[in-house]
Amino acid sequence: MKKIEAIIKPFKMDDVREALADIDITGMTVSEVKGFGRQKGHTELYRGAEYMVDFLPKVKIELVVKKEYVERCIEAIMSTAQTGKIGDGKIFVTPVERVIRIRTGEEDAEAV
């Protein structure tokens with residue numbers, strides 16, 4: 001099994017969720033996060049004072065899926081989250097050694 005973490009622009013979250021639902025991915029964890037990469041940040045004006053916003057709002061989606069779903073998930077995320085502009089985000093894929101459902105004690109694929 002693999003864990004997919006995707007950092008995307010917040011306004012793309014609904015589109016990504018729908019695209020994942022279309023390929024039968026229904027379980028995910030979503031967090032509001034802040035960060036920056038090449039996009040750096042920007043200046044804003046508040047009550048006449050200019051200040052630097054270093055960390056930009058993003059959404060982090062976490063999925064744990066069977067190996068055979070990984071490429072479909074990546075394609076679904078990329079095709080819906082991509083705007084072609086800087087700051088579209090990143091996708092990280094890492095191995096998952098073990099999953100346990102707390103309620104039933106089921107493990108691995110049955111627990112997902």
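**Close-up views of helix α2 and its surroundings**

**View 1. The buried face of α2.** Within α2, the residues Val-70, Cys-73, Ile-74, Ala-76, Ile-77, Thr-80 and Ala-81 are buried. Seen down the axis of α2, these buried residues fall within an arc of 165°, so they line one face of the helix. In this predicted model, the exposed residues Glu-71 and Glu-75 are carried on the face of α2 that is turned away from its buried side. The cover over the buried residues of α2 includes β1 (2-8), α1 (13-22), β5 (56-65) and β6 (89-95).

**View 2. The length of α2.** Helix α2 has 12 residues (residues 70-81) and, at 1.5 Å a residue, should span 16 Å, which agrees with the 16 Å that separates its end C-alpha atoms.

**View 3. The packing of α1 against α2.** The two helices α1 and α2 pack at an angle of about 150°, their axes lying 9 Å apart, and α1 passes α2 in a right-handed crossing. To this contact α1 brings Asp-15, Val-16, Ala-19 and Leu-20, while α2 brings Cys-73, Ala-76, Ile-77, Thr-80 and Ala-81.

**View 4. The largest nonpolar core.** This core has 18 residues, of which Ile-8, Leu-20, Ile-61, Leu-63 and Ile-77 touch the most other members. Two or more residues are given to the core by each of the elements β1, α1, β5 and α2, and the largest share, six residues, comes from α2.

**View 5. The surroundings of Ile-8.** When residues up to four places away in sequence are not counted, Ile-8 touches Met-13, Val-16, Lys-58, Val-59, Ile-61, Ile-77, Ala-81 and Asp-88.

Terms used:
Residues numbered from 1 in each chain as written. Predicted model: local features only at pLDDT ≥ 70, side-chain atom pairs only at ≥ 80, totals over all residues. Heavy atoms only, no water. Helix = DSSP H or I, 4+ residues; strand = E, 2+ residues; numbered from the N terminus. Expected span 1.5 Å × (residues − 1). Buried < 20%, exposed > 50% of the residue type's maximum accessible area, 1.4 Å probe, protein only. Arc of directions from axis to C-beta. Contact = heavy atoms within 4.5 Å. Core = buried A, V, L, I, M, F, W, Y, C linked by side-chain atoms within 4.5 Å. Axes fitted to C-alpha atoms, helices over the stretch in contact; angles between N-to-C directions. Left-handed = near helix turned anticlockwise from the far one by under 90°.
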